[in-house]
Amino acid sequence: MAIDRTVPPPGGISCRELVALVTEYLEESLSGPLRTRFEAHLAACEGCAGYLDQMRATVVALGRLPPEDLPADVRARLLDAFRTWQRR
Amino acid sequence: MSSSWPPTVADTVAPGPASTADAELVGALRAGDEDAYLAIVGRHHASMLRVAMLFAPTRAVAEEVVQDTWLAVLDGLHAFEGRSSLRTWIFSILVNRARRRGEREARSVPLSSLQDGVEPGTAAGDAERFSDEPSSWAGRWVSHPRPWAGRVDERLLMAEVQATVRAAIEGLPPAQRAVIVLRDVQGWTAPEVCLTLDLTDGNQRVLLHRARVRVRRALLEYIDGD
């Protein structure tokens with residue numbers, strides 16, 4: 001049986017194309033029609049849904065990084081500067 | 001712990017004007033409140049260093065620029081009118097100083113370097129594997145990414161995951177690093193980052209995308225390596 005090489009991807013965009021648009025989608029900067037196609041693809045493609053989930057989890061992980069400690073020498077120098085500034 | 005979307009960010013503000021919290025902080029600084037000062041220094045120091053490193057020739061110079069910036073901020077507090085948020089005001093002072101310092105060191109980083117990772121040829125999806133073999137549509141996954149739900153969430157606070165994310169950030173090109181730190185770690189809005197780093201909306205988004213792709217890749221390798 002001949003294989004149909006022209007099966008259109010869901011939403012008319014390929015997984016490769018969808019991956020490149022993920023940040024635009026999350027930033028809500030896709031145009032209405034493209035967003036509709038993006039979501040149509042997502043609904044039909046487990047792989048892309050998984051990828052989107054991973055990207056969201058990545059952003060959540062970035063947002064939960066605790067603040068970096070201020071090195072003790074930097075802290076001391078900046079506090080000195082603050083005290084000097086106050087006395088002026 | 002669930003990965004709610006969008007992530008909650010305490011202070012998603014537009015570039016201006018200053019918030020009530022900013023006004024209170026400025027008042028505390030003017031009154032000489034050391035705790036308030038150390039809190040704001042601690043909150044911004046690491047990102048200020050990364051932004052300064054976009055322009056300064058060395059990390060040592062960048063550190064000097066950051067310290068000089070705090071002095072300039074204190075000296076300028078009386079003139080802060082709250083037309084912009086306090087943090088975009090602080091970072092505008094930082095960027096001006098870092099640029100001037102970079103020029104003086106005669107190793108000025110051309111503005112175009114802020115576009116690193118924006119050029120074509122390093123497309124975001126390049127690291128992923130797609131198949132064009134017949135049987136289904138072209139450009140589809142070779143193997144499906146699987147949701148991390150429950151695999152990452154409960155581990156987000158673990159030191160190993162945090163170290164993985166931090167190492168991935170440090171390995172990024174400087175402009176991608178500055179953008180992802182301000183946007184995703186510090187929770188700045190896109191307009192604030194565009195204003196501070198003098199980027200177009202499109203370039204800011206491309207830098208953010210490239211950076212997120214690389215951090216996701218690092219997390220994937222960590223998770224798959226278990």
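1. Helices (H or I, at least four residues) and strands (E, at least two) are DSSP runs, numbered from the N terminus. On this basis A72(A) is found in helix 4 of chain A, which covers residues 72–87. The model is a predicted one, in which local features need pLDDT of at least 70 and side-chain atom pairs count only at pLDDT 80 or more, while totals for chains, interfaces and linings use all residues. Residues are numbered from 1 along each chain as its sequence is written, and chains are lettered from A and ligands numbered from 1 in the order in which they are written.

2. Is A72(A) buried or exposed? A residue is buried if 20 or more other C-beta atoms lie within 10 Å of its own, exposed if 12 or fewer, and partly exposed in between, with C-beta atoms placed from the backbone. A72(A) has 8 C-beta neighbours inside 10 Å and therefore counts as exposed. Between the C-alpha atoms of A72(A) and L42(A) there is a separation of 49 Å, the two residues being 30 apart along the chain.

3. Chain B contains 8 helices and 2 strands. Along the sequence their order is α-α-α-α-β-β-α-α-α-α. Chain B has 226 residues, of which 38% count as buried. Two residues are in contact if their C-beta atoms, placed from the backbone, lie within 7 Å. Among the contacts in chain B with a separation of 6 or more, 74% join residues 24 or more positions apart.

4. Chain B is divided into domain 1 (20–109) and domain 2 (112–224); such bounds come from an automatic or database domain assignment. Where the two domains of chain B meet, 10 residues of domain 1 are in contact with 12 residues of domain 2. On the domain 1 side, helix 2 and helix 4 (86–104) of chain B each supply at least two residues. Helix 4 of chain B gives the largest share of that side, 4 residues. By class, the domain 1 side has 6 nonpolar, 3 polar and 1 charged residues. Here Ala, Val, Leu, Ile, Met, Phe, Trp, Tyr, Cys and Pro count as nonpolar, Asp, Glu, Lys and Arg as charged, and the others, Gly among them, as polar.

5. How do helix 3 and helix 4 of chain B cross? Their axes come within 9 Å and cross at roughly 135°. Axes are lines fitted to C-alpha atoms, for helices over the stretch in contact, and angles run from 0 to 180 degrees between N-to-C directions. Helix 3 and helix 4 of chain B are therefore oblique to each other, since angles under 35 degrees count as roughly parallel, over 145 as roughly antiparallel, 65 to 115 as roughly perpendicular and the rest as oblique. The crossing of helix 3 of chain B with helix 4 of chain B is right-handed; a crossing is left-handed if the near helix is turned anticlockwise from the far one by less than a right angle, and right-handed if clockwise.

6. Helix 5 and helix 8 of chain B pack with their axes 9 Å apart, at an angle of about 140°. This pair is therefore oblique as well. The crossing of helix 5 of chain B and helix 8 of chain B is right-handed. Helix 5 of chain B contributes T164(B), V165(B), A167(B), A168(B) and I169(B), and helix 8 of chain B contributes R214(B), V215(B), A218(B), L219(B) and Y222(B). By class, these residues are 8 nonpolar, 1 polar and 1 charged.

7. Helix 8 of chain B also holds V213(B). V213(B) is buried, with 25 other C-beta atoms within 10 Å.

8. The contact between the chains takes 56 residues from chain B and 44 residues from chain A. Elements of chain B that give two or more residues to this side include helix 2 (34–52), helix 3 (59–76) and helix 8 (201–224). The chain B side divides into 33 nonpolar, 13 polar and 10 charged residues.

9. Most residues other than glycine have a negative phi. E28(A), although not a glycine, has a positive phi of about 60°. E28(A) is in the loop between helix 1 (15–26) and helix 2 (32–44) of chain A, and counts as exposed with 8 C-beta neighbours inside 10 Å. D198(B), likewise not a glycine, has a positive phi near 55°.
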